[in-house]
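Please keep the sequence and the structure in view while reading.

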Amino acid sequence: MAKTPITVAHGDGIGPEIMAACLHIMSQAGAEFEIDEVKVGEEVYLSGNTSGIDPAFWDSIRQTKVFYKAPLTTPQGGGFKSINVTTRKTLSLYANVRPARSLHPFVDTKHPEMDLVIIRENEEDLYAGIEHRQTDEVYQCLKLLSRPGSERIIRYAFEYAKANGRQKVTAFTKDNIMKLTDGLFHRVFDEVAAEYPDIENEHWIVDIGAAKMADTPERFDVIVLPNLYGDVLSDVAAQIAGSVGMAGSANVGEHAAMFEAIHGSAPRRAGQNMANPTGLLLGGIMMLVHIGQPEVAEHVHNAWLKTIEDGVHTYDIYRDGVSQEKVGTKEFAEAVVARLGQQPETLAPVSYAKGAGIPTATPAVYREPAKRELQGVDVFLYWNGEGRDPETLGTSLSQANTDQLSLNAITNRGLKVWPDGAPETFCTDHWRCRFMAPEGGQAITQQHILELLQSVHSKNFEIIKTEHLYTFDGELGFSLPQGQ
Ligand code: NAD
């Protein structure tokens, strides 16, 4: 077999120990790697490079397109960015694949039948990191979902299900509240699902879906989620399957893929030959499938299952009465190596048919732009005047109306407070003031909005932000105020 070039980072804390263990197991199983070792993480930060990433890293990963990464320590405070997030976003590793399978009765879990895979969108949603403090009292974080981004993660989930013989794909959103953003994800889910008639599909509102997943995870198969829900629920899934310390993940994009454990660098356990290498090993198994060495992946996976089944356990999963032997990282690796070629007897063995496992990413689909028509503008104000009375604000702000745009509603934290607000509503210093074109009036232009803003400013109001209100092929591209 030809050697596959891979980029490897040995990481921080327990990273070097578990990486050595995993590379040892995989090479003993016949993996053919040509390793390019790179430096990222604490050592690079401490040498004065605040990105924590050696410049040679990007050259390496562009060449190998495969990154096997041990956990890294993100120094607290000081404005350090997470290297994981930087790598995922820079290389557009949009699909995060996180299997969570129970190892009952060998590892404690309340869910012996659980075997699901979470496919988490990795780049969008509230993780765009666009946050502002807008007034004394109010802070915002923008939730951005795109159609191409939603479409490709959802398609990835169905392709994953197809390649792995899985029967059902479930999406969770909160589209009863976020009708535009989560509504887009749900709509695209329905569209893409229709292209896969052989795979069952279902959608749950995220709160009840999450509750069901925590209660009866065995009724789920593949779950596709926007970034934040995926981040939270994939840890829940890993934990209820057995332990967060035992889950691996793949981050797949069109240009590269990264494989890792989902846990961190566990600094308190570093250098003691104690850590469980399982999470990183399961990441490595996904990597072997991805780079076309599925026989090796199968070998390693089954030997690892047999090791768990034989009760050879590291401290984190060791239980009196169930475990047979408490071992360190190195001894655990040797136990797996000793079982290469064996199959588990109680746990179901795995089989990776060629091409199954980790589908390659598909490019984003670009569509013809819709016809956009400007309908009005939301002008956000900082206003702390006269008892914060919406009537007072509405009356005086109406004087800023222009011929083309007039004040239509004022909301506070989304709820309509003018006209006809309720006296009980608590108001902050942050007001969203919606100006609309009169019904049937002439089309609005950017120039009209600039004139309105000038008029609002001339009445001594403090504008902190604006959002333009469009229709797209006649469909509203904005939500209506709550209470309207
Ligand atoms: P952690 O995952 O490192 O540790 C949480 C707990 O789990 C600890 O008690 C630890 O001892 C235990 N644990 C974790 N992995 C284990 C293993 N393989 N075997 C046995 N026990 C294990 O989380 P943390 O303490 O919050 O974070 C430590 C550092 O790791 C931080 O700097 C954080 O930023 C970083 N981190 C990195 C990644 C990553 O690189 N993907 C992910 C999460 C956290």
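## Terms and model

A salt bridge is a side-chain nitrogen of Lys or Arg within 4 Å of a carboxyl oxygen of Asp or Glu. The model is a predicted one, in which local features need pLDDT of at least 70 and side-chain atom pairs count only at pLDDT 80 or more, while totals for chains, interfaces and linings use all residues. Residues are numbered from 1 along each chain as its sequence is written, and side-chain values use heavy atoms, with hydrogens and water left out.

## Domain 2 against domain 3

An automatic or database domain assignment divides the protein into domain 1 (1–93 + 243–354), domain 2 (110–241) and domain 3 (372–476). The C-alpha centres of domain 2 and domain 3 lie 34 Å apart, and their contact (heavy atoms within 4.5 Å) takes 8 residues from each of the two.

Across this interface the rule finds 1 salt bridge; Arg 388 forms a salt bridge with Glu 137, with the closest N and O atoms 2.9 Å apart.

## Nonpolar cores

A nonpolar core is a set of buried (under 20% relative accessible area, 1.4 Å probe, protein chains only) Ala, Val, Leu, Ile, Met, Phe, Trp, Tyr and Cys residues joined through side-chain atoms within 4.5 Å. The largest has 81 residues, and Ile 119 and Trp 304 are among those with the most contacts inside it; at least three of its residues come from each of domain 1 and domain 2.

A second, separate core of 25 residues includes Trp 383 and Trp 431.

How values were computed
Buried means under 20% relative accessible area, exposed over 50%, partly exposed in between (1.4 Å probe, protein chains only).
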